[in-house]
Amino acid sequence: MMLSCEEVLDKQPLDEITEANFWSTSEDLRLYINRFYPSIGDQTSFEDMENNSDNLQPLNPNRILDGTRSVPSSGGGWNWGNIREINYFLENAEKVTTGTQTDIDQYIGEGHFFRAYFYFQMVKQFGDVPWYEMVLNIDSEELYVPRNPRNEIIDNIIEDLDFAIDHLQGRSQIGQTRVNKEAALLFKSRVCLYEGTWEKYHKGTVFGVDNSNEQQYLQMAADAAEVLVNDANIQLYSTGDPENDYYRMFSQEDLIGVSEAIMVQVVDPGQQLGTWNWTYLNGTRGAQSGITKELVDAYLDINGLPINLSSVYEGDTTLEQVVQNRDPRLRNSIWNRGEVQIATDPPQRFAFPALHKGAMDLATTGYMVRKGSTPDPEQNTGTSSDQYGALDGYVFRYAEALLNYAEAKAELGTLTQGDLDKTVNLIRQRVGMPDLSLNVGFADPNWNFPNLSPIINEIRRERRIELALEGFRFDDIMRWAAADELIVGKRTKGARFIEGISFPEIEDQISDISVDENRYIDRYIDRLGPDGWGFDVTRDYLSPLPEEELEYNESLTQNPGW
Amino acid sequence: MKKNHAILKVLSALWSFKEFKILWLSTFLFLMAVNCVLGGSNPSETHEAFQQITVTGTVSDAQTGDPLPGVNIVIQGTTQGTTTDVDGSYSIEAPPDATLVFSFVGYQSSSINVQNRTEINVTLEQAVTELEEVVAVGYGTQRKENLTGSVSQINSEEIEMRSVNSATQALSGLSPNLNIDASVMGGEPDAAMEMNVRGIGSLSGSDPYIVIDGARASQSELAALNYRDIEDISVLKDAASAAIYGAQAAYGVILIETKKGRRNQEFELNYQNNFAFKDRIYTPPSVNSLKYVEVFNDATLNQSGQVAIGEEQIAKMRAYQNGEIKDQTAPHPDNPNYWLGIEGGASGGWFSGYANNDWMDIMYKDIEMTQRHNLSARGGSDNIAYYISGGFFQDPGSMNYAGKNENHEQYNFTSNLTANLTDWFELSNNLRFSQIDNRFPAGLDGHGVRGRFYHDIRRWAPLAPYKTPAIKDGEGNVVIPEQLVVMPGWVKKNGYTEYNDRNLTTTFAGKINIIKEELTLRGDFTYKYDDYNETFNYKKWTLFGPDGNPNIVNQANSNQIRKESNVTKYTSFNIVLNYDKSFADQHNLSVLTGVQQEEQFYDGLTVARRNVIAPDLNSINVAAGDLVGPFNPMSSWGTLGIFGRLTYNFREKYLLETNLRYDGTSRFPEDDRWGLFPSVSLGYNIHRENFWEPLSDIINTLKIRGSYGKLGNQEVASYLHLPGLPFSRRLNWILNGERPDYAGMPAIVSPEITWENSFNRNIGIDLGFLNNRLNATLDIYDRKTENMFGPSGALPAVLGTNPPQTNSASLITKGFEIEINWRDRVSNDFNYNVTFMLADNVSEITEYLNPEKVLSQWYVGQTIGEIWGWKTDGLYQTQEEVDSYLETTDLSFLGTNWRPGTVKYLDLNGDGVVNEGSNTLSDHGDKRVIGNSQPRYRLSIQGGLNWKNINLSMLWEGVGKRDYAPENYNTLFWGWNRRAHTTITEAVLDYWSEDNTGAYLPLPLDDNSYSGFAKDRHPSTRYLQDASYIRLKSLNLGYTIPASLTEKVAIKNLRVFFKGENLLTFTSLWENLDPELIDKSAFRQGTGRIYPLARSFVFGVDVTF
């Protein structure tokens, strides 16, 4: 009698689903895959997304750009949790048979998309990484494999994305909040453009790739983007108001239905998931950051000419002057005197930047980020912990597809005026800027890349302007191998500070601010000294692997220079 | 507060006691007693008492039948008596209903009612001496002389002498190496204790296995036991005695038997009460606010060259203290709706205050009164024996202003019944019910944890006000009366957390004598139902500003009503077959075999709702805000065990015992769930050898015993081996308009997870001298714990998750116990006894995956508790001294800004740098082991004496060796801390300044960094404290009213008593710190995050009818 009681020893968890009773319906797939969405990142924080580049200047110089990173003993971005979890999904997803094939395809498609997404982050950071398609256990031999070359990983990513493109539903069916076919196409063009330009511009350096095949990747980038370029169902956002449309498209409470938004991050304070970006974006606080003079100077004048070739450039002694006769996107992106910060009655208007505030709220350069803000008083209230901000963010935006296409074609040397007209020039028309022609038509003495063709310089300029502060700039500098032109030995500067003219309201409080010989705010002279950023072009394009990992797995090798 | 003040408070507490509970209860009892007297005897019978009859008879030894000469015979309640002659015969004149008391040295006395008989022959049982005592062991009893394992006993008198809140507390100091220490709950009315047997067994916890009346009990069930119900306790310390419990008993067993009735026992009704008056010890007062500001300004001046609080405000403080300013606060000059010194809370609003408040005095009562009542009935007839008791205990807590928000009540009901249905079948039922209702005040947001709240009481500056003046309108009418603010206001108005724990345990048992006194079969079934409910009633209240407008809405923890219900059901049954037989009068054999099965289910439900609309109600229905939950955790486990024991001795000289248990648990995967746990022990009663005869007058007992065995520990989470997908709500991302649910990945499962094992060795010696008046027991042991849960070693990060814990660590604990006992009966009127206990244990890590031996983790060879720190050479006295030292020594690792008054750390390895090297065992720079924080050489001394009707007993407890390195945040030690965290008491004023260069404490600085004060507070030899102590835990003085007086009102026994707890402490520890409350892990006491312990003065009566 007693031993038949052995079943008392078979106890199953009572409040948790076990593997044995999960993975049966498409609903299970959806429940599990949902968890990966937040890993896509916060798409609403324009005030700090490019602090690692020459577009934004944080209080303390970025350590990658300054070449002051050291080899960490552990961590350092060598994080594999997401990849483990997505492989767990892909391993188990095959068991699911209940549910419509469309649903099953969609969620498995999302799974492949997310694996591609996570692996792309690893490649960007470390170059070569080991490829895993299975869930490892503590006794798995695969824990100790060497790294795979980066182009093999990229090929695997492309394979995942092709699977996703084949299986995901289109945006019109699945909506803009879930990963969709268009998003996967756009992401594929991004990955391919990254690898294509990386292989091309790092060729012959320690970061060059064996069996380099940049043409193929560039072509794949163009092909993937072209599907979107030619997709009649996707348009750029426009209300026909070139002066304000660019600002307006980033201050939408609801991006659902906005055609340019291929995929969006929805926020909703009503569901305790708002943002608190308004605290920094409404121009009252500075987030210890600011737009650089370098970015501001890159905007063309309204006549399509660079500032030092244009006859209508007014100079930059005051904030008002800076935006005068410039590409409207500049005015739409930085705070200027008189702009409405909070549309109360009477409205609160911007008067001067937070150059004088204490460390937490300081605006470093005087050019404060306006892109992504809202004057809505409802969203400009409460304290910083209250998430009242309701502006949705773009996870994938159509303009990138147009820019990827133009750049890939230009790099391939197959760009035509027709290509420009259906890409870059659509973007320019939205803001009332003149078209870009294939032969450019001017020679800017301040082109960042004098060794490259005028059209590539201008396409890169267009990308910098259109996608400013959206988190692309660092990746662009890395893949273009552009640190020698843009970073090494340089310091980002801020607004011009002429006493009695520029910021008379707060002058007594900012009189000791560091400025250069032309009176541009030069905070980094204190931090970096005259030598500027110390980026090492033989080392800093990739991150170091943590020291402990090299001990645990002897077949791992360190990245060049570390 | 002044002492005479305290006495007044005692009296007022007595009279104003809530609902006159005592009065009611004692009136009831008195009436009942009167009833007994009036109903139980009538006047005519009283007259008959004057008639006398002659009673004759003989008195003999119950075992041998030999007549006993010289036996005292007394008529109870009188002084009349006689003695037996050389033949053991006696004759006495007595009333026909008298009770005769027969007593004789070395024998148990006996009381016999005459009942009109003229001949009464009496046999007396020899008094049980130490070695003849019967000791409870697992699944049975054993004569102490024949024990081979290490078992120690605690009897009911020892427990009853205490006056504490829980049964667990009553056990401390009564058995060597049964270590019971204050937990982080300190002296809270419902404080749980930390307990272990023989020290640390495992890094993941080493709780002893508790068995009450044969059924497993949790520590909280032990705490909730009515300790008046305890008959006796056996502590099974080594593997040999615990092995019958196998995988449940890796770290010792505490076996508790509650009181039972005896067959043919006279009915007895007992009532006992206890009124304790408590005050809290180690609550040093804060200094006056002017002194406080002086220290404050010294620290800011030293740090930044500026004083924090200026003359203007100091003048205001003086004015307040002179009585020129009457109110504790005033309108804020910058904002007419704010009060000075309130807004800004703990982070420094009080900077602008000018009051002079000692928060400990404000927030803790000078005296609190607890009460305990106990009523029990006991007796038996030929076939039935019973014990029934009910108990009530109440402690209203020590927090002033709390009112009904703090209270602790305990109700107990116990019933033990045994029925002998036939001469071969016995049936019994034990039933225990306990209920604990406990409430404590809710804090403000973020103060939900009790400790944080006590911390605020301790650290709040005396400058801060605790009440506002009344607000008046233009005509001087009071619009809003005085308002309590901050802590008093919170305690009073923030609501409370309450739990109600109801526990019902019942055991049905049947015993069949298959062959009388040889072969018995016993089966029992236990059912336990525990219902633990918790209610969080966190209220919202408004403070009105000076202009009469609401100004701050205070709300406790998001203002919510939260309900938690937890039900645990447990069933267990045992079937045990026992065979006892002696062969040829020299081979004594006992064999026991049995099975046990246990199962437990747990089901919890929690739901909460914010925004309480009707704060006086306590239903979720009256909250309108967001719903939190419901959450519904559930779990279960089961065990199955087969066990056997063989005990054999040859003429009680050579003793052998072996145990074997085979245990299975649901907590491990199928292939690893069964474990085998054997033990063997041997004993040798040398005093039974013939050759010992010449010595036996002096040393009448000498036994040597030794044991070895293996035990297991299955106490891990229930489903470690079963991968579950955690399920969560409200993803931080909106998909198709809503935040969806989502699933997570199962944690990685260790492929080889299994039992933790402990291997125990024990050698003991028992000695008895001078006819067992002096007894001594010594045990030496070690316990090696293997397969402890530890890290599974470093793995590449591509694994993508934390490696699971595996059975990878080991430790060894070594120790000893000594117990020496002297008892002597000088005369029938006077006897006394003294017991001295000393115990020690040390644990060392013997296996741990930390190949580099990094000191911040466990490492092989580490003694648990070791304190790594720095050697020092006083404080710098001059800037020249600093400068010249810094020329040769790099101190940057420990801090910067060295100056006179800061600590001079020594460069021990002479490399010019004071640092910790790579912080590994092989390279630790100038860091050294400077002490050990584990308590060593725990000792206790018990003494008792009985002289005529007076009895006195006391218990001293102490720790012989312990070090304590005050942590940076220990403000009771260092005084100064970062602004709002400061506690300035008299003891910390001895800090360095140019006028006090011989100070003990360093220069105060206003910055918690290595350029500020933190650099002086690294663990160092200079500030290492000797935390050894000895404390008079308990004192008990009783007087038994002579039976001649009490018998007249049908009272068998009436005793009045005084008890005291924590009356005296001797220690060289820093004066602000209670040596029992040093708890480094939770940084509790140093910042006042702990409820202080109490000293109590207790009065009570114990009456038996």
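Chain A of this predicted model contains 22 helices and five strands, where helices (H or I, at least four residues) and strands (E, at least two) are DSSP runs numbered from the N terminus. Residues are numbered from 1 along each chain as its sequence is written, and chains are lettered from A in the order in which they are written. Local features need pLDDT of at least 70, side-chain atom pairs count only at pLDDT 80 or more, totals for chains, interfaces and linings use all residues, and side-chain values use heavy atoms, without hydrogens and water.

Along the principal axes, the C-alpha atoms of chain A fill a box of roughly 95 × 60 × 50 Å. Of the 562 residues in chain A, 59% are buried. Buried means under 20% relative accessible area, exposed over 50%, and partly exposed in between (1.4 Å probe, protein chains only).

In chain A, Pro346(A) lies in the loop between strand E3 (340-342) and strand E4 (348-349), and a cis peptide bond with omega of about 0° joins Asp345(A) to Pro346(A). Asn211(A), a residue other than glycine, has a positive phi near 55°. Asn211(A) sits in the loop between helix H7 (181-201) and helix H8 (214-229) of chain A and is exposed, at 70% relative accessible area.
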